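Colleague: Could you walk me through a few pieces of this model? I would like to start with a sheet and then look at some helix packing.

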Amino acid sequence: MPEDYKPWTWKPPEGFSALDHTSSRQDAHDKVSGQAVYTRDLDFPGMLYAKILTSPYAHAKIVSMDTSKAEALTGVRDILKYNDPDIVFENSTGGYCSSQYNILTLPGTSDFFQQPMGVVVVADSEEICDRALRLIVIEWEERPFILDMEESLQPDAPKIMPDIVRLNPSAKDPNIVQTNTTEIGDIQKGFAEADKIIEYTITRAPNTTAGVEAMACVVQWRGDFLDIWPHHTAHVEPMLSNPSLPSIGLSFVSLGYGSIQADIKSPPKDRKDPLPPICEANKISVTMPYQGAWYGGIAWLGYSTAFIRMAAILAKRAQNRPVKLVYDESNFYLTGDDAAIYRCKVGAKRDGTITACDWHVVGPFGELHIDKTHESTKIPNLRNTQEWALINQGHHICFRHGSQCCVPHNIMFDHVAAEFGLDPTEVALKNDGCREHDWDWITRYQKENGFPQRQSLREVIKLGKEAIHWDKKWHAPGARKLPNGRMHGLGFVHINEWSWISGRQFACLILRDGKLTIIGMRADHGMDTESAFRHSVATEAGLRYEDIVVQQQRSDANTYRFWVPGGSMGISQNTPQLVSAARELKRKIIDYAVRPASGVPMMPGLQSGSGQSMFPGKKADELDVKEGYVFEKANPINRRSVREVASAFWGDDPAIIHPTVPALSGLTLNGKPHPQMYIMSRQAHFMEVEVDVETGEVMVTNLVCVNDVGHLFNRRGAEAQQYGGAIMGLGRSATEEKIYCPKTGVGLNFNNIGYNIGTMNDYPEIKCIINESHLGYSSYGACGVGEDTGASLSGITAGAVYNATGKWVLDYPVTPDKVLKALGKI
Amino acid sequence: MSEKEKKTNEGERKEGFGHISRREFLRDAGLVIGGSTMGSIAFASETEAQQQVKESDVAKDPCSEESADITTIELTVNGGKYGFRVEPHWSLRQLLRDEIGLTSPKDWCGGHGACGSCTVIMNGRPVLSCLTLACECDGAIIETAEGIAKAKHPIIQSYIKWNAFQCGYCTPGFVTTAKALLDRNPDPTEADVRDALAGNLCRCGTYQQHPPAVLEAAEALKRK
């Protein structure tokens with residue numbers, strides 16, 4: 001591997017274009033025919049089922065529990081209670097929430113409605129589990145609950161989650177998880193330079209994780225060996241095998257990054273001795289079935305890991321019978337996108353230049369709410385004041401999900417444009433930059449580090465405006481009434497694209513009989529990064545797409561790392577390893593093609609042993625590999641199949657390639673080392689609405705999504721992230737909201753009927769446009785495209801409604817009642 | 001809420017639950033065979049429905065002798081003949097998954113008939129197998145996504161071609177609903193397709209891929 005490792009400077013092989021690439025997915029037939037087996041579908045001989053009690057209260061302690069009737073029920077095999085010696089040790093080691101606190105595996109006190117807690121029943125069927133759970137008599141002590149975070153921040157608020165271990169040094173009793181202020185530049189100076197200071201408040205209600213397959217996992221012990229069929233992306237081996245883990249955070253482990261972030265300064269209380277490992281790392285095997293969607297609100301990671309730990313304990317007690325731990329549909333409402341209140345103050349000049357922005361946020365902390373504004377603008381002065389306290393609504397926490405950044409970011413541009421009568425797309429361009437630097441500065445950085453000199457935002461805005469006919473349709477707020485009586489509005493949002501390369505994972509390619517297997521474990525929930533992986537390896541190694549598959553690998557500890565799931569990061573994080581591996585494989589194939597074959601046949605049927613080269617007299621640089629054939633460049637008729645060549649050396653030197661990639665290196669500025677990376681790719685989305693001023697209904701009539709993916713690997717996969725993300729984002733923006741009873745703290749709409757998920761008839765066809773600027777840091781300049789569309793569109797409705805009506809509705813979701821209220825109709 | 005209050009869940013059960021069985025409720029609500037009606041279930045009745053379903057489970061212990069009201073049924077599933085002795089509370093989905101071993105009727109919404117993921121074709125109509133009682137399927141002809149694929153119906157290839165899925169969990173429900181539409185309307189418009197599939201939810205947001213896939217399958221059927 002070269003010392004100067006810059007994957008964005010790599011050039012794709014000739015003929016590599018995903019623009020018209022329509023190769024079918026390897027999972028297509030399984031999924032369409034209903035034969036794909038998801039974790040929830042698994043059914044093994046002798047399997048037992050396990051279900052956990054869910055709390056009927058927002059906050060209540062179990063005073064006593066009588067399980068005698070349940071124990072007597074035929075088919076009940078085990079009952080594990082919150083105070084059982086096998087589980088009490090696990091409290092405070094359940095799951096991990098955004099580096100700030102741990103959730104509990106099986107607590108005796110519920111912290112929110114439908115929290116899995118108290119007791120778990122193991123039985124011959126799910127049905128018997130349900131029946132047994134209902135036969136358990138519990139004496140509860142209801143405790144005070146708080147649904148409003150501002151109330152929870154008060155010093156005299158009741159302590160509502162006494163057992164939660166909060167890790168941040170700024171955590172305070174009774175309920176504060178974190179408070180801090182981060183300032184970049186000089187916020188007061190920025191406001192002093194402004195022609196106008198604009199202030200407004202945004203509120204966002206909590207919404208759910210976009211999931212379809214509720215948590216499930218199957219665990220079986222084989223003596224000391226542990227087999228796991230998990231749900232989703234939990235990286236389970238370290239959780240179960242690392243004795244020091246209870247005293248450290250898990251953070252990215254669950255995402256599959258393979259790292260463990262230590263927080264040894266804040267060990268869990270009530271534990272003096274380290275937790276013994278549940279299983280030694282090299283005795284754990286993991287098989288990943290298909291996974292139903294589970295997007296947004298990353299707190300599910302905590303539950304997915306907690307569930308596996310619980311299942312392992314139950315399976316141990318089940319004495320080698322497999323145990324399937326399942327959770328019902330209320331699982332979707334445990335986690336989700338965070339609610340928040342943003343008190344915003346923006347300073348701007350008349351030409352749209354923003355001089356300062358200041359967010360005071362009351363809500364869960366995933367990342368700094370100004371992070372993406374900082375990453376994607378030249379605004380020099382930014383401040384984020386964060387206040388986060390526990391509330392009895394579950395753990396609505398996500399980090400790097402993005403809605404919490406995208407919503408205030410785009411509302412700011414809408415407000416500045418409205419204040420000075422400007423076009424919001426012009427305001428966006430006026431402030432485009434990276435981490436306080438303007439685009440002239442970024443252009444110098446691009447030149448010095450091998451990037452093309454392009455301004456992504458200008459390109460995506462141009463494409464989007466043309467597609468939606470923005471210049472023809474844009475109008476002053478409330479100025480266009482349609483013949484049908486509705487008001488016409490346009491909405492626009494923009495922000496940087498997501499993740500760039502981080503490395504760490506590695507690829508394993510095995511070539512045998514001319515067929516190549518990419519080995520890696522990942523919990524795919526539909527993003528189809530597999531097709532991109534196959535396509536990139538095929539073109540780089542010179543093989544046929546059809547001859548390549550991706551296989552999940554039963555994992556022994558960390559032999560084959562989990563890959564990141566896909567979407568926002570899968571392609572950017574995994575392709576550098578795959579491209580490196582494919583190039584190494586191609587070199588190996590050519591090397592053996594010109595090398596005299598071994599004189600001793602290693603295995604019957606192999607073609608080794610001739611003692612002669614397959615291309616006598618030829619040197620490696622005279623050969624190439626394409627479409628499964630090694631051939632002489634000057635005389636392509638002289639060719640041998642890759643199968644022939646690779647089979648000839650398999651016995652001596654099997655074609656198994658698994659390179660790692662180094663950290664990025666070689667970035668400079670003004671000739672000096674400069675390690676900073678800047679996110680230079682942008683996305684822009686454009687929406688057309690009609691607002692019925694009599695009903696408050698907001699009808700989306702046109703939506704254009706433009707994403708600069710840097711380099712496109714898989715058109716269908718990228719577009720799916722666009723239209724799929726758009727529908728998720730519109731749900732968060734206009735319809736989806738978890739509603740709690742203020743008197744009881746109970747969820748009122750926690751099901752698919754009461755919770756408003758859009759249907760096929762609720763959205764127009766979404767026009768998806770891909771831009772390739774090659775400004776990402778991954779292979780060929782690729783970057784992420786996944787969840788960012790959903791995150792950025794989470795705030796688009798307010799701007800469109802303002803353009804239609806001249807009224808701000810900054811209370812998400814923007815539902816008809818709120819529109820009518822803004823219009824003074826109710 | 002500062003006052004500490006002690007309750008038992010046993011006590012709450014007595015206060016809160018009614019006495020309508022799941023089976024009676026389903027019959028009364030007219031939802032026993034209701035694939036196309038799922039989108040019209042009123043929100044107001046849903047909470048009540050949930051409570052009543054839960055109560056029926058409490059009232060009738062599936063493992064107790066009182067529940068031994070076994071029904072013998074015969075039905076055809078994907079062309080194969082089957083005979084079962086079914087418990088009165090078993091759903092068709094339960095039968096297809098647990099007894100026959102099919103995986104395509106999925107559970108997303110928890111048996112509320114609110115997502116369409118468990119849709120199968122019963123006697124030519126799309127039905128929600130989670131809300132269809134197995135004991136009422138005597139003599140029924142059932143088609144699932146597995147059977148549609150086995151019969152090489154063009155809807156399978158057109159769904160693959162149009163990438164009308166992502167995670168794939170809800171996809172079999174779309175496939176069965178779409179196939180039922182094509183069975184009764186071989187020449188649908190895009191609006192027909194959208195209306196037919198509006199009761200199927202997809203969290204990956206693949207909605208716009210389905211109409212062209214279904215329309216292309218319709219064209220393929222005409223060419224046959």
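Modeller: In chain A, three strands make an open sheet ordered β27-β28-β29, with antiparallel pairing (two strands pair if DSSP finds at least two bridges between them, and strands are DSSP runs of E with at least two residues, helices runs of H or I with at least four, numbered from the N terminus). This is a predicted model, where local features need pLDDT of at least 70 and side-chain atom pairs 80 or more, while totals for chains, interfaces and linings use all residues. Residues count from 1 along each chain as written, chains are lettered from A and ligands numbered from 1 in written order, and side-chain values use heavy atoms without hydrogens or water.

Colleague: Which strands stand at the edges, and why is one side of each left without a neighbour?

Modeller: β27 (623-626) and β29 (635-641) of chain A do, because each has a single partner strand.

Colleague: How many bridges join β27(A) and β28?

Modeller: Four bridges, in the antiparallel sense, pair β27(A) with β28 (residues 629-632) of chain A, and L623(A) has E632(A) as its bridge partner.

Colleague: Switching to chain B, at what angle do α6 and α9 cross?

Modeller: The axes of α6 (residues 154-161) and α9 (residues 210-223) of chain B come within 8 Å and cross at roughly 140° (axes are lines fitted to C-alpha atoms, for helices over the stretch in contact, with angles from 0 to 180 degrees between N-to-C directions). That makes α6(B) oblique to α9(B), oblique being what remains after under 35 degrees (roughly parallel), over 145 (roughly antiparallel) and 65 to 115 (roughly perpendicular).
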